[in-house]
Amino acid sequence: MAAVTGASAAAPRGRTAGARARRHRRLRVLAFLSPWLIGFTLFFGYPLLATVYFSFTRYDLFNLEYVGLTNYRYLFGDQDARRSMLNTLWLVTLMVPLRVLFGLGAAQLLAHLKRGGGLFRSIFYLPYLVPPVSATVAFVFVLNPGTGPVDHLADLAGIPLPDWFNDPDWSKPGLALLGLWAVGDVMIILLAAVLDVPRQLYEAAEIDGAGPWQRFRHITLPTVSPVLAFAAVTGVIQTLQYFTQAMVAGKVAAGQSDQPGTQLAPGYPGGSTLTFPQYLYDEGFRQFNMGYACVLALLLFAVAMLFTLLLLRQFHSFADGEAS
Amino acid sequence: MRTPTPRRITVALAALGLGLTSACTAGGGGGTGGGPKTDEKQTLQVWHGWSADHEVKGFEDAVDGFRKLHPNITVKVTGNQTDDQITNAIRGGNPPDVVASFTTDNLGQFCQSGAWQELTPRLREDGVDLNMFPKAVQDYTQFKGRRCALPLLADAYGLYYNTALMKGNAPPKTMSELTALAKKLTVRAPDGTIKVAGFMPSVQYYEHTPQHIATSFGVKWLTPAGTANFSKDPAFKAYLKWEKDLLDWYGYDNAKKFMRSMGQEFEASNPFQKGKVAMAVDGEWRTKFIQKEAPALDYGTAPPPVSDDRAAQYGGGFTLGTIMGIPRGSKHAEAAWAFVKYLATDTGSLVTMANALGNVPSTLPALSSPGLKLPAQFGTFLNVFKHPATTTSPSSPNGGDYLVQLQRFVQDEWETGKVKDPDQGLRDLDAKVDKALELAGG
Amino acid sequence: MTGTAARALTRTAARALTRTATAPAGGRPRRGPGGPRGRRALLWVAAHAVAIALSLMFLAPLLFMFLTAVMSDEQTLSGDLWPAHWQWGNFTEVLSGDMARWLGNSLLYAVLGTLFMLLSSVPVAYALARFRFRGRKVAFVLVITTMMLPPQITVVPLYIVWARFELTGTLWPLILPLLFGDAFSIFLLRQFLVTIPRDYADAARVDGCGEFTTMVRVVLPMARPALAAVALFQFFYCWNDYYGPLVYAKPDAWPLAVGIATFRAAHNVEWNLTMAATLLTVLPVIVVFLLAQRVFVQGITLTGVKG
């Protein structure tokens, strides 16, 4: 994957300076790169190897014991691990596509607006900027059965609403709703792509008598599809680490149960918001089964790496020549 | 304050730069000793879990006694700390000096892992007579011979009943009496929704956790080997059946709706205080909350009912208490010990706190102190506490994991009807709990 | 992505957010043989109606938050939408508690983190964008990989290391690593820096400037928008970070994000105060956004453009 093309203009002052200059240049590169080289080694390379090592141990930060494959064996048959994987899978397969589609729809709409386009754009984008913790707290309240304003409004209108974050069947849809509300990042990337479609293409199509749907289908979609794919893949990678919203929603909805003296199983209600990273956190930093947490981390690494490679490939097909 | 000194950061950076990153033991040096002597000037960090205003103040008042005795020690108290936060701080190697936890079930984990320091040598050195604590209390502050905590007040559970809503009925003594009365006292709206619940058996009702209610069925929590006992002791099945039968009589959806609309446990909106339930099992502290938040409420207390075959055990109940210890890695262990010893054994301070918090004092001298000024209804809890049939849930090396798992099973799978066969459900639960225990090295 | 394409996309995206779209993507030929005027008007109305409806949905949660924040405690549970009495005191009440300390911690984390990130990431991005050396491509791929992989993968060993230095319980385990480059910022800056024509830097070099001086004096001033964007992103990342502080920080060191999440349980579920506190964390973000919309868009587009 690292085939250097080096196609463009070579450094202009190559030969004359000789070996010393080359060494000087090499040192210069090293000097500029040094923060990252150190950082990569210390904060990525080393811990990754250490994760492999610790996965064969039982370690609670006090006592370290080599236990061979015990942690790996535990993984098979660990219902909580399975449940958390399914929850994360749910989010990946439903929330990600929904966000991309909704983002595309919003972008398409914005592209069509003449009057007030700027204002609408800002409004659509704004929720994305709300800190995730705050957004989640607000959502749990707004949708809170019995007391939340939305629940109240729906009641007045006679529309029955689910219990959202208090119902195991509806908590993940609630999170997806939150994800749709904060669709700004996806939307902006797609808006850029939609606006980048050459106008002549539309005009030509219109002259040929193509309706709005046909224009969208045959002109917009093909042009923006690489960006769509990009948004989808990065969305998957982001969702694999989905933690904050799920954890906060569970905590806030459980409310008073999360007090000193009570021990709450994570993923309220009924483990339905227990995402995989949250389970990893729970095993590592609540149960202090550090070794087992490392097994979970390696699993996450494998899956995330798969999608990262996909992304890098996509990069590649986009990128040739210069730089990347 | 233990803000990290720039020096520590520099050292960390330097070491990181050198790639000195192999780690075997985190969490500072274990062990005791070191640190300043008790009479040196120092600041003591104390964490506890109380959060209501009158509780926080009661604790501070008790601490004031210690401050007078040791003017050289500044005590900084932080309330509302969960066990997660405590464990995290200790494991991370940057703990406070004294911690108090409500979660007695976690003691096994604290003692076995060494997260809380062994106190026996100190107790011996200072000649503290453990017999000043009631037997049950002595038990729940040690694990397999390691005593890593001292008690700081105790809790006992009993039945609260709303006199008006009881309509002249006497408080039930057996579970079948409780069931019959619960049905009789329930008031429903025409559409079946619950307006007043006689007794809400769901584990989602505040203190009606399996830990507190299954005790009435005489359950044995763990096997002698310390493994899960759910499928082996028929009392668990009896509890499950009773729980589900009564819940289904209300209708699960009705019960859920009712519980969603009820107020908050530690606020004036508590449904018992609001007259929305006729009977409820709750801790002795509720007397204090009622005094503060619903002084007009006419209520009585009684020992919790017991299953019909255990009538002889009536009068006993469930107890546990707040435990207090010195984390491994405490920088002021000597002063911390002085503090722990003072709060756990000083009669005056215990009585002050018991009065303020409405808790059961945890030493025999304090229990019989004339200074105890508690509501009339409180007597029940003192009696339950002293009753020979009163039990607690034992500790295990991974804390109260077995209790968390049971609660979760009942709440998510049993009450909802996802699991129909109690035997199979309890067997699965046993397997799950035992495997987790094995993972934790128990 | 080639440099030119990246630039083109950046430009359009910037246009996308900062200016009204100059023309609907569908165009509007003077006298199209297709759609009659009436249908166009209908489409126009429909599009705006949908946009208004969506806007209301996007704004509603924020509005409810605000209205609840100024209610009395009893009213929050009543289902009322409009406050009976406007209790502005809720905000001051919230600020008088732990909020002030959380705010201080958040600022420490965000400000120091951003500074450190800039110091360490700029030279790396510069090197990746402008030097040619063996392994450059590998390095870039590794940057992208670290950027993409979840932080949870390495958290256990890192925690153990930081615990050894007794820095757990504080925010330093989150701040200090930023002295060693941040993959996302490196990536973003590099994407921008490759678009700056080499001639400028070469001219400076001819003038006898060293590489570092060239970077500081010539290239960085031209990269100001990108620098602003990564700084903002980093600031918001730190400001919003929940996972990191949850793992490392003790209650003393909690930033707003962690504090807010526990607020409800700690305050006996007083929704009005919870909402007031939450709103206070949102406000600065909104203000910054309104002031620096353009910077945001350019940054986001840089991330999106690349692939």
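These questions and answers walk through chain A and its interface with chain B in a predicted model.

Visitor: How many helices and strands are there in chain A?
Guide: Helices and strands are counted as DSSP runs. The strands of chain A number two. The helices number 13.

Visitor: What percentage of the residues in chain A is buried?
Guide: A residue is buried when its relative accessible area is under 20%. Chain A has 324 residues. The buried part of them is 59%.

Visitor: How many residues of chain B are in contact with chain A?
Guide: Contact means heavy atoms within 4.5 Å. On the chain A side, 37 residues take part. On the chain B side, the number is 45.

Visitor: What area do chain A and chain B bury between them?
Guide: Carbon and sulfur atoms carry 52% of this buried area. The whole, for the two chains, is about 3600 Å².

Visitor: Which residue of chain B meets Asp80(A) in a salt bridge?
Guide: Between chain A and chain B the count is four salt bridges. In the one at Asp80(A), the N to O distance is 3.5 Å. That lies within the 4 Å cut-off, so the pair counts as a salt bridge. The partner is Lys432(B).

Visitor: Which element gives the largest share of the side of chain A that touches chain B?
Guide: Elements giving two or more residues to this side include β1 (57–59), α3 (79–112) and α12 (276–285) of chain A. The largest share is four residues. Those residues come from α1(A).

Conventions:
Residues are numbered from 1 along each chain as its sequence is written. Chains are lettered from A and ligands numbered from 1 in the order in which they are written. This is a predicted model: local features need pLDDT of at least 70, side-chain atom pairs count only at pLDDT 80 or more; totals for chains, interfaces and linings use all residues. Side-chain values use heavy atoms; hydrogens and water are left out. Buried means under 20% relative accessible area, exposed over 50%, partly exposed in between (1.4 Å probe, protein chains only). Buried area is the accessible area (1.4 Å probe) that two parts lose on being put together, summed over both. A salt bridge is a side-chain nitrogen of Lys or Arg within 4 Å of a carboxyl oxygen of Asp or Glu.
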